[in-house]
Protein chains: 2
Amino acid sequence: MTSESDGRVGIDELDARLIGLLEAEPRIGVLECSRRLGVARGTVQARLDKLASRGVVRDFGPRVDPAALGYPVTAFVTLELRQAVGHVHMAQRLARIPEVLEAHTVTGVGDMVCRIVARTNAELQGVIDRVLASEGVVRATTVIALAEQIPYRTLPLVREAAG
Amino acid sequence: MTSESDGRVGIDELDARLIGLLEAEPRIGVLECSRRLGVARGTVQARLDKLASRGVVRDFGPRVDPAALGYPVTAFVTLELRQAVGHVHMAQRLARIPEVLEAHTVTGVGDMVCRIVARTNAELQGVIDRVLASEGVVRATTVIALAEQIPYRTLPLVREAAG
DNA sequence: ACTCTCACTGGTCATACTGACCAGTCTACG
DNA sequence: CGTAGACTGGTCAGTATGACCAGTGAGAGT
């Protein structure tokens, strides 16, 4: 189970190669993976099962591109909440806005950070308005993402974890 | 092709249900999808092909959970760059740090926002140091994500786009 | 009214992947 | 030294896949 020397279960170099392979070509299937990695099919299957059961690989769901859906504008909004309003309550409100793709509570002056998208810069205003419509927001700071210099990735991290 | 009335190609309600289905249970395959959606298999296949070719569904790659990999700490770092240093150059430097999962150039006083992860809060410092080691960073603001109130999602947006 | 195009249906077909097994080998470890 | 765990290389039946096809219905354009 690739416990290096400590008790932690970690990631194998084979695991990393497997994930990398599936990342690059998700459609190839277990058999082809085993061929390319030079191991038996059962091994690949076992590794995948283990990665899935440990939660390292959550699933193989479709990765939707909001831009292709017609929402090319991305922005990050930092919310400062009135003390009285709980994060959970705020999160529930945000969850009802489809354009809110993600929300975190964070340290610092801002209490929450969320990622929102919109069809246009003009509509972005509308989305922000809906976010702010929730009473309890004392202040909000919005920055618009101009370019995705590094698109979301986990591969380097996986390789790093594999050692 | 689901052009509502304007020239734009959009998303169908069937498309949305299909994506939702695959999001919930990615392993079921085309045939099972067709059964659950009550349409012919060829239709599902055609829809999927179209969604893929239009880029709405980028791929079905493995979704890796950094926390399960041993990196439970997430933080957002806002970088203010010296004018002389180009974003591209900075992005290249950041790309070499595995813990940097994502980076955007943004409007506002900060010039870049990036998402980083670390094994512990202590190691987070190390990661930030590596980010700041890149000359050209005038100032950096870090906020640590305490909780993921809304995990990254696109389904509501897909449904919204489907109308 | 006619025809064209397009999407969908419901069916077939051969291919080949899947998940389940199994015995045997090798290594690390107590 | 013996055991547990991981990997190999093989088989097996079941079944999904991708590629087809003819026929139908709706909508657009002539």
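Guide: Ala, Val, Leu, Ile, Met, Phe, Trp, Tyr, Cys and Pro count as nonpolar, Asp, Glu, Lys and Arg as charged, and the others, Gly among them, as polar. The model is predicted: local features need pLDDT of at least 70 and side-chain atom pairs pLDDT 80 or more, while totals for chains, interfaces and linings use all residues. Residues are numbered from 1 along each chain as its sequence is written, and chains are lettered from A and ligands numbered from 1 in the order written.

Visitor: How do the residues of the surface near DNA strand D divide?

Guide: By that classification, 6 are nonpolar, 5 are polar and none is charged.

Visitor: What makes a residue count as near a strand?

Guide: Its C-beta atom, placed from the backbone, must lie within 6 Å. Around DNA strand D there are 11 such residues, with A:V39, A:A40, A:T43, B:G29 and B:V30 the closest. DNA strand C has 12 residues around it, of which 6 are nonpolar, 5 polar and 1 charged.

Visitor: Which helix gives the most to the surface near DNA strand C?

Guide: Helix 3 of chain B does, with 4 residues; helices (H or I, at least four residues) and strands (E, at least two) are DSSP runs numbered from the N terminus.

Visitor: Why are strand 2 and strand 5 of chain B called paired?

Guide: Pairing requires at least two bridges found by DSSP. Strand 2 (residues 73-81) and strand 5 (residues 137-150) of chain B are joined by 8 bridges and run antiparallel, and therefore they pair.
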